[in-house]
Amino acid sequence: MTVDMHTLLERYGVFAAGHAWRVIALFLAAVALVAGFGLGIGQSTDDTVTLPDSESTAAQDLLNSAFPDTAKGSGTIVLSGDAGAFSSPDGTAALQSLAASISDDPHVTQAVLVPTAISSDGSVAYLSVSFDVETREVTPEIAQPVLDTATKGAPSGATVLPGGQIAKTLAAEPTHGAEVVGLIAAAIILLLSLGTAVAMALPILSALLGLVFGLGAIALLSLLDAIPTVSGTIAAMLSLGVGIDYSLFLVTKFRSVRATGAPVPVAAGRAMAGSGSAIVFAGVTVMVALAGLVLAGVPYLNSLAWVAATGVACAMLTCLLLLPAVLGLLGDRIERLALPKRSARREKPGVWHRIGAATSKRPWLSLAGSLLVLGALAFPVTALQLGQTDDGNAPTSQVTRQSYDVLSDAFGAGVNGPLLVIATLPTPEPSGQSVPADPALANLTTAFGSTDGVASVVGATVSDDGTAAQWSVIPTTAPSDPKTAKLVEKLRNTVIPGAQGDLDPLVGGQTAAKADFAGIIDASLLTVIIAVIAASAVLLFFAFRSVAIPLTAAAMNVVSILVAYGVLVFVFQEGNGIQLTGLDAPVPIEAYVPLLLFAVLFGLSMDYEVFLLSAIQESWHSFADNRRAVVHGIGSTGRVITSAALIMVSVFISFVPNPDPVVKMFGVGLAVAVLVDATLVRGVLVPAVMTVLGRANWWLPAWLDKRMPHLTIEG
């Protein structure tokens, strides 16, 4: 049985090159349609964390049914002024009047000033604003009028800042100057690698078009399933990186085939049969790795996964569907605007050939040395702690951070992440009562207020129909502080069981949901990692018809990922050099970052693994000499893999100036892992291991060989 996509890809390459204008026009029209509608509508975002079968989700469901007016989108208006500005009778009256004005907004269900919302010195106050739409539907068009009303109606001399979802919605879009610098760096690397300006431009243009295609598709799909705010940026990062890399491999293959004298359409077809097949394999591997995140059973993580996979898929499709037509249209004009000819030393072995030869001569020494260096880089991972970031971790230039700091200084950091406690009442409370009749409600209020780690309690507030009550419990610590997660656990396991009476309160809210999220991620991390490794190993097993290759490839990829984890802990969690990322203090590593980073990096690492192993396997079939095959494979692929890796590093690093700490983590983690993977791992560790294994690299039981389908990567 033969599984062969090469013929199909080759035929398409010949067709696209021979009908270039038609293919280009059709593809551009499709991209314009998708991007026009998608980017015109805009992404539907929602950072709400919902966790099936968790207490926080059960609490949110009860809130939605019992308190529908407060269960949708919400935010705060933060006011600051002189001492006593808001605590005087006139100041408080002015705030009440402002709340009434904001409540008149057609999208606001209520704006309230609770007694605890004025600081002890009267210099800071905040209004809680509830909208009539879901969080994902709080657009700038809805949030801006609320801020405008607050600014116009605020007491004289008061400074007004948006907080919560209002601030997130109105936050200025990050500038893209750093990303442009990253693309310029990628262009320089491409120019040096490919040697001509025309050839250099193709991967850049293909990646940019794939990015537009992907962002449009993501925006359309987000109408069906709202996506986390950070996911679009992560998808853009991946789309640009893989888009340039995939196009580089295809352009390189086309030029090498054309240099043999093959006609342009034939060269395009053979490039598709060879590098095109490897691109499909690499792209599918990334998407399979991302699909493994579904095993965690968290909708938030599922959204991150499908958004990232969509970005990769659109970049891959743009390369495969459009680039052969462009190559056919350009033909030999791809060699125009060439760099000055460098002195021809092509006959001498390149640097990677020499590295491969030196490594294979002393494989055990190379193996020990590389593992020592990689182990030192990865060692900080032993101190990894999963947590959650909050607005207090953002750069001080962000309005979300500014309002966070004002509230934190005036009320304590916990006011930025209140815990929600809600309970169904066994006997409905009569409406209109200011004091609940059930003494269990008062007991719980007292118990919450006397708990260590609780700054204040608002409630119990009974629903209009008298069937439920809720409390807002303000911690003394920030949402990102591990002590807050411990407080959630303490309330659930100790405080509530000791004072609940005949009630069954649930602890929820986004801070509690993120604490639950971290626990679920921690419990499912190993399962997802094993599943991703197993799925990728199976693909390699069929592709290379070897038992050892998939196992060693998986191990090499894990090594690169552990190095990335170690650097994240060293920089972000421990704060070493954190200022270089634009942050001013250590930040927690968001719970889902290691899991999503693992899936992405495992897929990306497999790209280089596939290109390298394909070259080694081809040499093995030609020479039947394992050491010679390893050296030749390293030498023939080292330059293009290094160029591709440097391009990815340039793209990933360019996203570090983004104000979101999670984006910074991904930028640093991806850049470090790719750089280490393409140099120390692929250049030293892989050839050392393969040299040590010798012919065992290619061993496959005869009985299994007869029953396996033939799946080849390079044509």
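Which residues touch the most other members of the largest nonpolar core? The close-ups below start there, and please keep in mind that this is a predicted model.

**Figure 1. The largest nonpolar core and the residues that touch the most other members.** This core has 162 residues, and the ones touching the most other members are Leu-290, Tyr-592, Phe-652, Phe-666 and Leu-670. Helix α19, residues 593-623, supplies the largest share of the core, with 18 residues. If you look elsewhere in the model, you will find a second, separate core of 34 residues, with Leu-79, Tyr-126, Val-160 and Leu-407 among them.

**Figure 2. The surroundings of Tyr-592.** Here we zoom in on one of the residues just named. Leaving aside residues up to four places away in sequence, Tyr-592 touches Val-230, Tyr-300, Leu-301, Leu-304, Phe-517, Val-662 and Phe-666.

**Figure 3. Helix α10 against helix α17.** The axes of α10 (residues 264-291) and α17 (residues 510-544) come within 9 Å and cross at roughly 155°. Angles over 145 degrees count as roughly antiparallel, and the two helices are therefore roughly antiparallel to each other. The crossing of α10 past α17 is right-handed. On the α10 side, the contact is made by Phe-281, Thr-285, Val-288 and Ala-289, while α17 brings Val-532, Ala-535, Ser-536, Leu-539, Leu-540 and Ala-543. Sorted by class, the residues of this contact are 8 nonpolar and 2 polar, with no charged residue.

**Figure 4. Helix α18 against helix α21.** For this pair, α18 covers residues 548-573 and α21 covers residues 661-693. Their axes come within 8 Å and cross at roughly 145°. As α18 passes α21, the crossing is right-handed. The contact of α18 with α21 has 20 nonpolar, 4 polar and 3 charged residues.

**Figure 5. Positive phi at Asp-53.** Most residues other than glycine have a negative phi. Asp-53, however, has a positive phi, near 65°. You can find Asp-53 in the loop between α2 (20-41) and α3 (55-66). Asp-53 is exposed, with a relative accessible area of 84%.

**Figure 6. Positive phi at Leu-337.** Leu-337 is not a glycine, yet its phi is positive, at about 55°. This residue sits in the loop between α11 (299-330) and α12 (351-361). Is Leu-337 buried or exposed? With 64% relative accessibility, Leu-337 counts as exposed.

How values were computed. Residues are numbered from 1 along each chain as its sequence is written. This is a predicted model: local features need pLDDT of at least 70, side-chain atom pairs count only at pLDDT 80 or more; totals for chains, interfaces and linings use all residues. Side-chain values use heavy atoms; hydrogens and water are left out. A nonpolar core is a set of buried Ala, Val, Leu, Ile, Met, Phe, Trp, Tyr and Cys residues joined through side-chain atoms within 4.5 Å. Buried means under 20% relative accessible area, exposed over 50%, partly exposed in between (1.4 Å probe, protein chains only). Helices (H or I, at least four residues) and strands (E, at least two) are DSSP runs, numbered from the N terminus. Contact means heavy atoms within 4.5 Å. Axes are lines fitted to C-alpha atoms, for helices over the stretch in contact, and angles run from 0 to 180 degrees between N-to-C directions. Angles under 35 degrees count as roughly parallel, over 145 as roughly antiparallel, 65 to 115 as roughly perpendicular and the rest as oblique. A crossing is left-handed if the near helix is turned anticlockwise from the far one by less than a right angle, and right-handed if clockwise. Ala, Val, Leu, Ile, Met, Phe, Trp, Tyr, Cys and Pro count as nonpolar, Asp, Glu, Lys and Arg as charged, and the others, Gly among them, as polar.
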